[in-house]
Amino acid sequence: MTESGETIDVSGYTFEKAVAELENIVARLERGDVALDESIAIYERGEALKKHCEKLLTAAENRIEKIRLDRSGRPQGVEPLDNG
């Protein structure tokens, strides 16, 4: 949510698109050639993009499974990947 109460919707963005836009925002802020009001707005958008990326990464991690092997090394099934 922005300072003005607007919701920033990036939910339809792919991970790659969100990261690319986030990198663009970081570069603009680092250059320091953006007016204060615009800096605040793009910072807020960057926060929304960061949270969206974290959500997508968590979802991907939850879907990853590791292959369970039997004693002879043949695939036997899958189990959740350890998160630690």
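Predicted model: local features only at pLDDT ≥ 70, side-chain atom pairs only at ≥ 80, totals over all residues.
**First stop: the core.** Select Ile8, Val10, Tyr13, Ala18, Ile25, Val34, Ile42, Ala48, Leu49 and Cys53. These 10 residues form the largest nonpolar core. Now colour helix H1 (15–31) and helix H2 (36–63); each of them supplies at least two residues of this core. The greatest contribution comes from H2, which gives four residues. As general background, nonpolar side chains tend to be buried together in soluble globular proteins.

**Second stop: Glu21 and Arg45.** The whole structure holds five salt bridges. To see one of them, select Glu21 and Arg45, whose side chains meet at 2.4 Å, N to O. Because Glu21 lies in helix H1 and Arg45 in helix H2, this pair ties together parts that are 24 residues apart in sequence. Arg45 is partly exposed, at 22% relative accessibility.

Arg28 belongs to helix H1 and Glu38 to helix H2, so the pair ties together parts that are 10 residues apart in sequence. Glu38 counts as partly exposed at 35% relative accessibility, and Arg28 is likewise partly exposed, with a relative accessible area of 23%.

**Last stop: Arg31 and Asp33.** Finally, select Arg31 and Asp33. Their closest N and O atoms are 3.5 Å apart, and the two residues form a salt bridge. Are these residues buried or exposed? Arg31 counts as exposed, because its relative accessibility of 53% is over 50%. Asp33 counts as exposed too, at 55% relative accessibility.

Note on methods: Residues numbered from 1 in each chain as written. Heavy atoms only, no water. Core = buried A, V, L, I, M, F, W, Y, C linked by side-chain atoms within 4.5 Å. Buried < 20%, exposed > 50% of the residue type's maximum accessible area, 1.4 Å probe, protein only. Salt bridge = Lys/Arg side-chain N within 4 Å of Asp/Glu carboxyl O.
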